[in-house]
Amino acid sequence: MSDQLPFWIVLLSALLHAVWNLQAKKTQYKGAFLWWITAWGCLFIAPLVIIYEWPRIEWTSKVWLFPALSVVSHATYTFCLAESYRRVPFSIAYPVSRGLAQVFIVLAGLFIFQEKPGPWALAGVGLILIGIQATAAGAFEARLRILLHSPWPLLVAVCICFYTTIDHQSVQILPPLTVCLISNIGQCLILARLQLREYRTIPRPERSSFIRQTILWGAVSTAGYSLFLYAQHIGGLISLVGPLRETSVLMGMILSFFVLKEGFEWRKVIAAFLIVSGIFLMQH
């Protein structure tokens with residue numbers, strides 16, 4: 001990546017992404033959790049958008065097209081993600097869906113956006129994708145059987161690819177925080193009834209504590225994705241920043257070892273080496 005600023009911004013975004021996904025893994029009420037952190041994200045960035053970004057935007061029908069598509073794709077992603085975490089083991093669902101998504105995104109960058117990253121950068125992308133798959137639990141055949149039994153990780157991958165490519169185009173037209181806000185508001189409206197149904201299953205004494213916890217994770221989640229959008233806004237290639245953000249798998253693996261006390265495995269060490277090697281190659 002010729003400009004190093006998008007590179008480091010995306011790595012920070014990946015760290016924030018790993019942190020809030022770790023919390024999503026721990027919570028029992030995943031659908032309600034995802035809805036509430038999205039809603040808090042709207043409240044956090046709305047003042048900044050209204051004061052600093054909206055006065056400089058010329059609102060036309062073209063401006064609304066891609067954010068509208070983004071709303072639908074993000075809402076679908078949120079629903080599929082909650083179902084995937086509910087029905088498929090996290091250690092398989094997360095790396096498989098994220099890894100497959102990045103294959104799709106790289107192809108979109110090369111063939112739709114006509115991007116031309118250098119050979120070293122592409123080699124780095126390849127190592128990161130291999131490393132992500134190496135983090136998945138179980139043999140390849142076992143993972144394939146699970147995916148054939150449950151389509152949710154594959155659907156998550158398709159949604160990630162779709163909203164990433166749509167948002168990449170959106171930030172060429174609109175400021176990043178505006179894209180993030182429109183997407184978040186749309187998700188909240190579309191998924192409100194569905195998530196309210198799950199929220200009602202939370203015991204009443206636990207609801208206040210649950211909502212307070214989502215305030216922090218709403219800030220973390222929104223900051224992470226806003227940084228990712230900003231990296232693309234200032235010139236980051238989607239075929240590179242997309243896979244680079246998936247280093248959140250490595251960061252999540254490290255956090256799981258220390259926070260969740262998950263066991264040490266050589267497979268994960270090898271995966272970490274591949275991902276770190278890929279990051280190193282992408283800087284050259």
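## Around F33

Set aside the neighbours within four places in sequence, and F33 still touches quite a list: W20, Q23, A24, T27, F210, T214 and W217. Keep in mind that this is a predicted model.

F33 also turns up in the largest nonpolar core, which has 75 residues. Along with W20, F210 and L244, F33 is among the residues with the most contacts inside that core. Helix 2 (residues 30-53) provides the largest share of this core, at 11 residues.

## The largest cavity

The largest holds about 300 Å³. Its lining counts 20 residues, and the ones closest to the centre are W20, H74, N184, Q187 and S221. So what sort of residues make up this lining? Nine are nonpolar, nine are polar and two are charged.

Two or more lining residues come from each of helix 1 (4-26), helix 2, helix 3 (61-87), helix 7 (152-170), helix 8 (176-199) and helix 9 (204-233). Helix 8 gives the most, with five residues.

## The second cavity

The second largest cavity has a volume of about 40 Å³. Lining it are R98, Q102, I105, I160, Y163, T164, F228, G242, R245 and E246. By type, that lining splits into four nonpolar, three polar and three charged residues.

Which helices supply at least two residues each here? They are helix 4 (90-111), helix 7 and helix 10 (238-245).

Methods: Residues are numbered from 1 along each chain as its sequence is written. This is a predicted model: local features need pLDDT of at least 70, side-chain atom pairs count only at pLDDT 80 or more; totals for chains, interfaces and linings use all residues. Side-chain values use heavy atoms; hydrogens and water are left out. A nonpolar core is a set of buried Ala, Val, Leu, Ile, Met, Phe, Trp, Tyr and Cys residues joined through side-chain atoms within 4.5 Å. Buried means under 20% relative accessible area, exposed over 50%, partly exposed in between (1.4 Å probe, protein chains only). Helices (H or I, at least four residues) and strands (E, at least two) are DSSP runs, numbered from the N terminus. Contact means heavy atoms within 4.5 Å. On a 1 Å grid over the protein atoms alone, a cavity is a set of points where a 1.4 Å probe fits but cannot get out, and a pocket is an open set with protein on both sides within 12 Å along at least five of seven lines; lining residues have an atom within 4 Å of a point. Grid points are joined across faces, edges and corners, and a volume is the space filled by probe spheres set on the points. Ala, Val, Leu, Ile, Met, Phe, Trp, Tyr, Cys and Pro count as nonpolar, Asp, Glu, Lys and Arg as charged, and the others, Gly among them, as polar.
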